2 protein chains.
Amino acid sequence: MGQITDTNASWIAQQLPALGIDLFWVSGVGDNEPRLTEVLRRAFDRSDLVICTGGLGPTEDDVTRECIAAMLGEDIVPSAELEATLRAYFAGRGAEMPRRNLRQATLTASTEALPNPLGTAPGWWSERAGHVLVAMPGVPHEMHRMWEMEVVPRLRRRLGGDVIYSRILKVVGWGESAVEERIRHLIGGTNPTVGTYAKDDGIHLRLTAKCPTLEEARRLVDALDQRMRDELGNNIYGVDAERMEGVVGRLLREQGLTVAVMESCTGGLLTSTLTDQPGSSAYVRGGVVSYATEVKAELGVPLEVLRQHGAVSPETALAMASAARRQLGASVGLAVTGVAGPEEQEGKPVGTLHIATDVQGRLAATSQQTRGTREVIKRRATLAAMDFLRRQL
Amino acid sequence: MGQITDTNASWIAQQLPALGIDLFWVSGVGDNEPRLTEVLRRAFDRSDLVICTGGLGPTEDDVTRECIAAMLGEDIVPSAELEATLRAYFAGRGAEMPRRNLRQATLTASTEALPNPLGTAPGWWSERAGHVLVAMPGVPHEMHRMWEMEVVPRLRRRLGGDVIYSRILKVVGWGESAVEERIRHLIGGTNPTVGTYAKDDGIHLRLTAKCPTLEEARRLVDALDQRMRDELGNNIYGVDAERMEGVVGRLLREQGLTVAVMESCTGGLLTSTLTDQPGSSAYVRGGVVSYATEVKAELGVPLEVLRQHGAVSPETALAMASAARRQLGASVGLAVTGVAGPEEQEGKPVGTLHIATDVQGRLAATSQQTRGTREVIKRRATLAAMDFLRRQL
């Protein structure tokens with residue numbers, strides 16, 4: 001019925017390049033035994049590896065186990081070992097195991113169970129004539145853990161002795177083609193390989209090496225990482241799971257600083273993003289959304305500056321940063337003003353941005369022109385403001 | 001490579017129930033001619049209707065047209081009419097049409113073009129032996145328009161004289177099972193039908209009727225809509241595309257009021273969401289994110305209240321609403337304080353929420369306990385705060 005968008009398929013697709021596995025087909029099918037069995041049979045025939053998620057629950061509408069058994073032509077048999085694990089799982093939560101969960105303590109002759117400490121559905125790893133089918137729970141966090149802890153090690157063993165090591169560098173300040181232009185001579189190698197991806201939080205560069213040992217793979221990636229940094233410098237702001245709000249938060253903590261925000265066109269999104277970081281209450285004093293021009297004045301932006309330069313100006317951004325710092329008693333003030341649209345303001349076009357910081361009295365400002373819908377502009381302005389503060393710190 | 005999650009499939013899946021079309025299979029495949037042709041052939045053989053998106057661009061890697069032609073066993077022929085339309089599209093943008101775009105001005109013998117005023121790729125509607133294949137561009141906004149303006153009318157004509165009319169009622173304040181409990185006796189009919197969906201902005205009820213005329217269908221939906229309102233009352237906050245920030249904005253405008261926010265656990269998300277509404281600068285004065293307790297005091301929350309009741313309390317929420325209203329010169333103050341986690345605060349558990357409003361001096365407050373990750377709690381607190389203001393207005 002379309003209520004659920006399948007994000008498991010794209011998550012798994014992202015994991016495959018690092019293993020050197022090519023993805024050819026994605027299939028979606030309902031909990032219907034004949035249709036699901038047919039889809040599984042075709043997949044198992046045409047592919048070395050079939051990965052499926054979902055349909056391993058305890059209720060009658062979960063039929064993936066039955067369809068895999070039908071596809072393999074094998075019987076489903078109870079497993080005393082799985083039943084014991086499942087009973088322990090329920091006991092650990094102070095509950096009796098419902099009878100229907102016995103359906104989850106079963107296997108077939110060609111099937112090995114994959115442990116799932118986060119839920120009741122073990123995975124299934126089925127092998128036949130060199131083809132492998134892996135069935136995992138559909139709940140994303142259960143599936144992610146099972147993939148990393150159980151499936152990837154088994155796949156690595158099958159793929160031979162080589163180890164794959166991969167690192168993501170996050171780049172901000174330039175678009176995808178500008179980044180590719182700068183690193184053109186570093187792309188195109190086969191080991192390590194480089195993939196570039198445009199994301200909401202900048203351009204991601206994925207460096208991947210495949211070697212007999214982890215140490216060698218890491219050394220290849222380290223060397224390429226260094227050459228990327230020579231080209232892109234401080235535009236590389238983070239590695240792997242690091243987020244911009246986490247990087248800014250770390251810099252503030254390291255320097256013993258606190259921050260206060262005054263924002264207009266971002267409407268609260270800048271402060272909200274800074275506080276998405278767990279533990280941010282240690283350094284975020286708070287923020288002010290000065291949406292109306294008079295509110296800027298009431299909160300400490302000199303009327304003179306507003307009258308002379310307008311609400312959307314570098315001068316006002318600077319005055320906002322200082323007002324935020326002073327009013328909220330922080331060591332750092334961060335401000336953004338601009339035009340989010342859909343209409344222009346003070347004759348300034350949609351996408352105009354002015355960003356300023358006041359770091360213990362040291363003032364700095366930058367201006368940018370961006371494009372997009374209201375939501376896109378809010379998001380880009382938020383990233384640009386955090387990035388400007390990062391550079392000042 | 002998994003950089004893109006397919007949201008087109010779930011969007012289309014959501015449109016099909018209202019047309020009475022059952023969805024059996026979803027397939028994903030890369031821009032590879034043999035594999036794509038094979039997937040299209042199987043789909044066309046087994047289904048009355050095949051809907052595909054993507055691969056209609058002007059470059060060499062866009063091969064959907066070639067694969068459809070191969071599947072039908074037909075030649076691709078240039079269309080002078082499509083070429084004229086395409087040249088007019090580029091001329092309207094003051095640009096010359098690149099030669100490669102000629103690939104988009106083609107058809108086959110069994111194929112009719114579907115206009116696309118938003119882009120360069122016309123859709124393809126191909127019919128053979130009672131089976132239909134519809135190919136649309138992958139860019140979501142181009143696809144959505146083509147679906148609504150071109151595909152749905154053609155499908156309706158094929159499906160017979162009946163007209164389908166559908167309406168979504170958005171419900172807040174109760175969970176999905178509580179809502180279903182209340183309207184159990186109204187669900188299960190065949191005309192109109194009712195679907196319930198749990199969404200980020202509450203529970204959606206989709207009422208759908210199928211009748212010989214639009215008037216009759218609308219009358220059936222109107223009658224059921226009224227019975228839903230008898231059961232759910234003011235918990236129904238919006239219809240179809242209406243969003244909570246739009247409903248609150250409309251109420252404020254109608255009553256000539258302006259609003260100012262003071263928020264802590266939502267960290268700016270409440271003000272940001274209110275300002276997502278285009279035109280919100282007419283009634284949103286601004287907001288204060290009083291993340292640190294001392295900031296609450298600096299911005300007008302009496303120290304006495306904070307000392308006696310703590311930062312997370314109904315009393316502080318009320319004082320925050322009044323301080324926001326007074327400090328930012330608004331007619332309405334809206335406040336939320338609570339614990340977003342991951343750690344408890346002042347001995348109050350994660351998920352504690354206190355919301356308050358000050359509507360021209362009239363004070364009101366409510367408290368809730370919710371669950372989830374930091375992000376989920378921020379989002380739920382934001383929805384709950386906007387909903388409480390809606391009820392006060």
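**Figure 1. The two copies meet through the same surface.** In this predicted model, 100% of the interface residues of chain A are also interface residues in chain B, so the copies meet through the same surface. In numbers, 49 residues of chain A are in contact with 49 residues of chain B, where contact means that the C-beta atoms of two residues, placed from the backbone, lie within 7 Å. Several elements of chain A each give at least two residues to the side that touches chain B, among them α1 (8–19), β1 (25–29), β9 (193–199) and α13 (374–392). Sorted by class, that side of chain A holds 22 nonpolar, 20 polar and seven charged residues. Here Ala, Val, Leu, Ile, Met, Phe, Trp, Tyr, Cys and Pro count as nonpolar, Asp, Glu, Lys and Arg as charged, and the others, Gly among them, as polar. Helices (H or I, at least four residues) and strands (E, at least two) are DSSP runs, numbered from the N terminus.

A note on reading these legends: residues are numbered from 1 along each chain as its sequence is written, while chains are lettered from A and ligands numbered from 1 in the order in which they are written. Since the model is predicted, local features need pLDDT of at least 70 and side-chain atom pairs count only at pLDDT 80 or more, whereas totals for chains, interfaces and linings use all residues.

**Figure 2. How is chain A laid on chain B?** A turn of 180° and a shift of 0.1 Å along the axis do it, with an RMSD of 0.3 Å. That is the relation of a two-fold axis. The superposition is by least squares on the C-alpha atoms of residues with pLDDT of at least 70 in both copies.

**Figure 3. Strand β1 of chain A meets strand β1 of chain B.** The two strands run antiparallel and are joined by five bridges. Look for A:G28, whose bridge partner in β1(B) is B:V26. Strands are said to pair if DSSP finds at least two bridges between them.

**Figure 4. An open sheet of 10 strands includes strands of chain A and chain B.** Follow the order β16(A)-β15(A)-β14(A)-β12(A)-β13(A)-β13(B)-β12(B)-β14(B)-β15(B)-β16(B), in which the pairing is mixed. At the edges stand β16 (362–369) of chain A and β16 (362–369) of chain B, each with a single partner strand, so one side of each is left without a neighbour in the sheet. On average, neighbouring strands of this sheet are turned by 10° against each other, direction ignored. Within chain A, β12 (residues 259–263) and β14 (residues 332–338) pair in the parallel sense over five bridges, and A:V261 stands opposite A:L334 in β14(A).

**Figure 5. A helix lies across the strands in each chain.** In chain A, helix α12 (residues 314–327) lies across β12, β13, β14, β15 (352–359) and β16, running at about 145° to β14(A). In chain B, helix α12 (residues 314–327) lies across β12 (259–263), β13 (284–289), β14 (332–338), β15 (352–359) and β16, at about 145° to β14(B). The axes are lines fitted to C-alpha atoms, for helices over the stretch in contact, and angles run from 0 to 180 degrees between N-to-C directions.

**Figure 6. Two cis peptide bonds in chain B.** One cis bond joins B:N191 and B:P192, with omega about 5°. B:P192 sits in the loop between α6 (176–182) and β9 (193–199) of chain B. Another cis bond joins B:G341 and B:P342, also with omega about 5°, and B:P342 is in the loop between β14 and β15 of chain B.

**Figure 7. Positive phi in two loops of chain B.** B:A129 is not a glycine, yet its phi is near 50°. This residue lies in the loop between β6 (123–128) and β7 (131–136) of chain B and is exposed, with 6 other C-beta atoms within 10 Å. B:Q360, which is not a glycine either, has a positive phi of about 50°. Its place is the loop between β15 and β16 of chain B, and B:Q360 counts as exposed with 11 C-beta neighbours inside 10 Å. A residue is buried if 20 or more other C-beta atoms lie within 10 Å of its own, exposed if 12 or fewer, and partly exposed in between, with C-beta atoms placed from the backbone.

**Figure 8. Tyrosine B:Y89 in its helix.** B:Y89 is found in helix α4 (residues 80–92) of chain B. With 18 other C-beta atoms within 10 Å, B:Y89 is partly exposed. The C-alpha atoms of B:Y89 and B:G119 are 8.2 Å apart, although 30 residues separate the two along the chain.
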